[in-house]
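Please keep the sequence and the coordinates at hand while reading.

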Amino acid sequence: MLEFVDIHKSFNSQEVLKGVSLKAESGIKVIIGINGSGKTTLLRIIAGILKNEKGKVLINKCDVTGLPPEERGIGYVPQHPALFNHLTSWDNIIYAIRNKRGSKKTGEQMVAMLGLQEILGKKPKELSGGYKSRVSLARALTSEPEVMLLDEPLSDIDAATKEKLLPEFRHIIKNRKIPAVYVTHDLREAELIGDTFVAMVKGNIFEVDSAGEAFNVIKENYLAQTLLTGVAAGVQA
């Protein structure tokens, strides 16, 4: 189980996360929000890449807030596959073994499930966007994480390939039976991958019952903000 409680983060006095709290106990929870809403900042804090100013991150009820990324038991798939260009696909997939996480057996399982057998000897520059995304997911899962974080992992590929990969990603993540948090701004993507949904608007989270409701919450909040800004400008004038 992943839980984060009262997470705050600011950059240059601008508050990006405003006391965000959420639980992800099972399945795939999708955070839907437009660019700049705080989604990536939140995932990077959970992963330990960024430090929060206030709040806690708990995994299976253990406080990991002060731990470095490699000790949190988290599989992280970033927006743009951060593969090591000097390593083959296979060496990228089993990279976590260097830090005593995961195993070659798990790596072989991920290779089979994601259909990567033919590209194991290739380096990232030789791969298509779809294969890079598959290798990135395989690497994260090979580390045998307690929790998965996916930050718009298919943003670099075309819509047709994305439609094909999303069901694959969903099946494989669900097969591992670990909680996952998936970030996107795309309603269709959210519907294809998610079990439960939240909307993120300007550093705040709103729990909802569907991807469509999340989209409506986002639209209503930004419309309200636009109207308020217009009223304020009229008053000042």
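This is a predicted model: local features need pLDDT of at least 70, side-chain atom pairs count only at pLDDT 80 or more; totals for chains, interfaces and linings use all residues.

**Helix packing**

| Helix pair | Angle between axes | Distance between axes |
|---|---|---|
| H3 and H4 | about 150 degrees | 9 Å |
| H4 and H5 | roughly 10 degrees | within 11 Å |
| H3 and H5 | about 150 degrees | 11 Å |

Helix H3 covers residues 104–114, helix H4 spans 129–142, and helix H5 is formed by residues 159–176. With an angle of about 150 degrees between their axes, and with angles over 145 degrees counted as roughly antiparallel, H3 and H4 are therefore roughly antiparallel to each other. Their crossing is right-handed. On the H3 side the contact is made by Thr106, Gly107, Met110 and Leu114, and on the H4 side by Arg134, Leu137, Ala138, Leu141 and Thr142. By class, these residues divide into 5 nonpolar, 3 polar and 1 charged.

The axes of H4 and H5 come within 11 Å and cross at roughly 10 degrees, which makes H4 roughly parallel to H5. From H4, Gly130, Ser133, Arg134, Leu137 and Leu141 take part in this contact, and they meet Thr161, Lys164, Leu165, Glu168, Phe169, Ile172, Ile173 and Arg176 of H5. The residues of the contact comprise 6 nonpolar, 3 polar and 4 charged. Arg134, Leu137 and Leu141 of H4 are named in the contact with H3 and also in the contact with H5.

For H3 and H5, the axes lie 11 Å apart at an angle of about 150 degrees, and this makes H3 roughly antiparallel to H5. H3 passes H5 in a right-handed crossing. Here Thr106, Gln109, Met110, Met113 and Leu114 of H3 meet Glu168, His171, Ile172, Asn175 and Arg176 of H5, and the contact has 4 nonpolar, 4 polar and 2 charged residues. On H3, Thr106, Met110 and Leu114 belong to the contact with H5 and also to the contact with H4, while on H5, Glu168, Ile172 and Arg176 meet H3 and are also among the residues that meet H4.

**The largest pocket**

The largest pocket has a volume of about 520 Å³. It is lined by 17 residues, of which Ile74, Tyr76, Tyr95, Arg101 and Arg139 are the closest to its centre. Strand E6, residues 74–77, and helix H4 each supply at least two residues of the lining, and E6 gives the most, with 3 residues. By class, the lining of the largest pocket divides into 11 nonpolar, 3 polar and 3 charged residues.

Terms used. Residues are numbered from 1 along each chain as its sequence is written. Side-chain values use heavy atoms; hydrogens and water are left out. On a 1 Å grid over the protein atoms alone, a cavity is a set of points where a 1.4 Å probe fits but cannot get out, and a pocket is an open set with protein on both sides within 12 Å along at least five of seven lines; lining residues have an atom within 4 Å of a point. Grid points are joined across faces, edges and corners, and a volume is the space filled by probe spheres set on the points. Helices (H or I, at least four residues) and strands (E, at least two) are DSSP runs, numbered from the N terminus. Ala, Val, Leu, Ile, Met, Phe, Trp, Tyr, Cys and Pro count as nonpolar, Asp, Glu, Lys and Arg as charged, and the others, Gly among them, as polar. Axes are lines fitted to C-alpha atoms, for helices over the stretch in contact, and angles run from 0 to 180 degrees between N-to-C directions. Angles under 35 degrees count as roughly parallel, over 145 as roughly antiparallel, 65 to 115 as roughly perpendicular and the rest as oblique. A crossing is left-handed if the near helix is turned anticlockwise from the far one by less than a right angle, and right-handed if clockwise. Contact means heavy atoms within 4.5 Å.
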